[in-house]
Amino acid sequence: MEVSVKLFGGLRAYLPPGSSFNGCRVSLEENASLSSLLQQLPIPSEKAYIVIINDEKVDAENYEGLQISASDDVVLLPPIKGG
């Protein structure tokens with residue numbers, strides 16, 4: 001299956017070659033976890049980001065157990081800082 005992923009802010013620098021402005025499609029096995037999807041993106045492990053799936057934030061401890069489907073809308077955002 002293919003899943004649509006959008007990266008915003010400085011995370012766009014880690015989009016695979018051939019991606020659109022801020023999005024790409026990632027090929028995954030059926031019933032793959034969010035963790036599997038994230039491993040396919042070349043984002044350094046020390047880079048912080050927030051994952052939103054279908055308009056809901058996902059906590060990092062749930063990445064491994066959360067199954068992804070082709071209809072999911074996956075968005076990665078850099079942390080928001082204010083002041």
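Author: Lys47 touches Leu11 and Tyr14, once residues up to four places away in sequence are set aside, where contact means heavy atoms within 4.5 Å. Lys47 has its place in the loop between H1 and S3; helices (H or I, at least four residues) and strands (E, at least two) are DSSP runs, numbered from the N terminus. Although Lys47 and Leu11 are 36 residues apart along the chain, their C-alpha atoms are separated by 8.6 Å. With a relative accessible area of 36%, Lys47 is partly exposed, a term for values between buried, under 20%, and exposed, over 50% (1.4 Å probe, protein chains only).

This is a predicted model, in which local features need pLDDT of at least 70 and side-chain atom pairs count only at pLDDT 80 or more, while totals for chains, interfaces and linings use all residues. Residues are numbered from 1 along each chain as its sequence is written, and side-chain values use heavy atoms, with hydrogens and water left out.

Another loop residue, Asn22, lies between S1 and S2 and is buried, its relative accessible area being 14%. Leaving aside neighbours within four places in sequence, Asn22 is in contact with several residues, including Val5, Phe8 and Leu15.

Leu41, with neighbours within four places in sequence left aside, is in contact with Val5, Cys24, Val26 and Leu76.
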